[in-house]
Structures are given as structure tokens and as C-alpha cells.
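Let's take a look at this protein together. Keep the sequence and the 3D view open while you read.

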Amino acid sequence: MTATTLKMNDDKAVYAAGAVVWRLVEGKLRILLIHRTKYRDVTLPKGKVDPGEMLAQTAVREVLEETGIRVNLGVPVGVSRYFMRPKRQKVVHYWAAEATEKAIRASSFVPNSEIAALEWVGLKKARKLLSYPVDLEILDEFERLVDDGVLHTFPLIALRHAKAVSRSEWDRSDASRPLIERGQKQARAIVAPLRAFGVRRIITSDAERCQQTIAPLARALKREPVLTENISQDAWEDGVADIRSVIGKRVRSRKPAVLCSHGPVLPGILSEIALATGTMHGSYLGSASALDLAAFSVVHLSSTNPGSGIISIETHVPKI
């Protein structure tokens with residue numbers, strides 16, 4: 001099990017993101033390689049972060065732009081670092097990403113000035129074709145997922161609400177505190193990164209600041225969020241929260257979901273996910289639940305056997 005926090009803190013580095021895109025063809029695993037026109041090389045789909053983007057958002061966009069295939073991100077499979085001229089480091093984050101047959105059929109890719117061709121190959125052939133050692137290191141991590149039988153996954157995402165009016169400046173009930181302008185910007189900024197993981201189900205505390213945080217995502221997905229006091233701060237403070245029932249239902253459903261809640265409640269949410277999946281507790285749970293405002297932790301679970309434990313946790317922090 002791995003736990004990472006994804007931040008772009010080094011102003012001197014160039015950040016990028018991509019994916020090991022995979023599919024099953026008659027039961028055999030194939031991954032997607034791109035043959036680049038300009039560089040005459042073979043590599044994995046990836047590209048630089050655009051202004052205002054978060055890394056997960058970049059990975060999905062770049063795969064779509066380079067291959068025409070729309071994917072949802074699965075488990076992270078590593079970070080490659082290398083130096084560009086003049087001695088500037090490039091940092092590339094990668095995820096595993098399944099390409100569905102529907103998405104492949106919908107692709108309108110044609111060879112162009114950037115990408116000469118796409119090629120689906122097995123892992124053994126991929127090792128022979130890839131041009132760079134850093135790509136082989138990413139492939140090593142991907143192959144570990146294959147060997148462990150945890151390539152098919154679904155995410156449960158714990159999200160802390162965005163920036164709200166402070167308690168000291170609010171004379172009504174705590175649950176009615178709304179987002180301030182910065183919080184509204186944060187709520188909009190996390191829509192694409194959350195969608196990158198294929199989120200379809202939205203569960204939220206019934207507090208106003210949580211409802212407003214997920215409202216842009218709900219509009220983008222055209223989905224009604226499920227409001228519950230069971231993960232609200234009021235219920236938690238009163239000792240009547242029922243986090244376990246909420247998490248149990250989500251683990252049993254095996255579908256991507258986001259749960260929007262509050263700082264004091266998040267440790268309970270992560271703890272219940274660990275308990276429901278037979279995962280040993282550790283300091284990693286504390287790190288994953290100690291979220292900044294509008295930050296979120298993606299907990300990856302096996303689609304075929306959720307009780308086998310947490311596979312990976314990654315924490316994403318918006319810059320707004």
C-alpha cells in the first residue's frame with residue numbers, strides 16, 4: 001500500500017502527468033504506446049501541466065489529446081524525474097488507466113505532426129520498444145499491480161469542504177456557514193481533478209459549506225448529491241454521527257464516489273474505510289485525513305475484492 005501527497009511546490013521544476021493506458025484483448029493485457037513524430041521515439045502518453053491545472057486533470061487531458069481516448073485514472077504508478085536543458089528538472093506523475101472499448105471506438109485519432117502512431121502491445125514488447133529508462137521504471141510499478149492482481153480498482157474520495165466564512169464572523173448556526181469567494185473558486189477548481197477519477201456518486205454532509213463545495217461537481221455530472229447528517233460536523237460533535245454505515249455502503253457498491261465532509265470528521269472516514277477493507281491502521285491514515293481546505297484523498301480499492309485492503313492513497317491539494 002502506498003500513500004503520497006501530490007503538490008507542485010518546486011517553482012523551478014517543470015511538472016507533467018500521464019498514464020499507462022491499458023486494456024484486455026481476449027483476456028490478454030495490452031498497454032498503449034505512442035510513437036512521437038518530432039522526437040522519433042516511443043513513450044507513454046504524457047504532457048505538461050497547463051496553468052491552473054492539478055496533476056490528475058493534466059493526465060486525463062493529455063491522454064485524450066494525444067490518443068483521442070478518454071480515460072479515468074486508477075492507481076498511481078510512480079513519478080519519473082529527469083533533467084532538461086539547461087539543468088531544469090522535469091517531474092512526471094503517472095497513473096494506471098483502463099481504456100474501455102467504448103472509449104477506444106470513440107477515439108478520432110489520426111497521425112499528426114506530434115504523434116505518428118499508436119500501438120497496443122504486451123508488457124514484454126513494450127520493454128523492447130520504449131525509448132527511455134524512466135518509462136521502464138514506471139512500467140515496473142505497473143507490472144507489480146498486474147502481478148498482485150489489483151489492476152481493476154475503484155476510488156473512494158474523502159474531500160474537505162472549501163473555504164467558508166469563519167465561525168467568529170458568523171452569528172447563525174455553524175451548519176449554515178457559506179463559502180467565501182475563495183472557497184467558491186476552490187470548489188470550481190477541483191471539479192476536473194475529481195472527474196479524472198471517474199466519480200459518479202456524490203455523498204455530502206448536509207452543512208451548507210459542504211453542499212456548496214460539491215455543487216459545481218454535481219452540475220458538471222448532472223447528478224443530485226446525497227445529503228446526510230451522518231458525516232456532518234454537528235452530528236460528530238454530538239456523538240451521533242454514523243460514518244460506518246455510509247462507508248460500508250460505498251465499499252459494497254464498488255463504484256467511484258466522493259464524500260465531502262469536515263476536518264474533525266475526516267479521520268473517522270479514513271479509519272472506517274481501513275476497517276471495512278481489512279487494512280491495518282497506521283500513520284498514513286492520519287496524513288491522508290489531515291487535509292487542507294478543498295483538498296482530497298483518493299483511496300483506491302480492489303474492484304474484485306475490496307476486503308483485500310487499501311491498495312493506495314493519494315492526496316491532492318489545490319493551489320487556490
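This is a predicted model: local features need pLDDT of at least 70, side-chain atom pairs count only at pLDDT 80 or more; totals for chains, interfaces and linings use all residues.

Residues are numbered from 1 along each chain as its sequence is written, and side-chain values use heavy atoms, with hydrogens and water left out.

**The pockets**

Rolling a probe the size of a water molecule over the atoms shows where empty space is left. Here a pocket is an open set of points on a 1 Å grid over the protein atoms alone, where a 1.4 Å probe fits, with protein on both sides within 12 Å along at least five of seven lines; lining residues have an atom within 4 Å of a point. The volume is the space filled by probe spheres set on the points, which are joined across faces, edges and corners.

| Largest | about 880 Å³ | Val71, Asn72, Arg195, Ala196, Gly198 |

The largest pocket has 36 lining residues, and helix 1 (55-67) gives the most, with four. Helices (H or I, at least four residues) and strands (E, at least two) are DSSP runs, numbered from the N terminus. The lining of the largest pocket splits into 20 nonpolar, nine polar and seven charged residues. For these groups, Ala, Val, Leu, Ile, Met, Phe, Trp, Tyr, Cys and Pro count as nonpolar, Asp, Glu, Lys and Arg as charged, and the others, Gly among them, as polar.

Strand 6 (76-84) gives the most here, with four residues.

**Two loop residues**

Thr277 sits in the loop between helix 10 (266-276) and helix 11 (283-289). Is Thr277 buried or exposed? Thr277 counts as buried (under 20% relative accessible area, with a 1.4 Å probe and protein chains only; over 50% would be exposed), because its relative accessible area is 0%. Leaving out residues up to four places away in sequence, Thr277 touches (heavy atoms within 4.5 Å) several residues, including Val251, Leu301 and Pro306.

Pro256 lies in the loop between helix 9 (243-253) and strand 12 (257-261). With a relative accessible area of 21%, Pro256 is partly exposed, the class in between buried and exposed. Beyond its neighbours within four places in sequence, the contacts of Pro256 include Phe154, Pro155 and Gly198.
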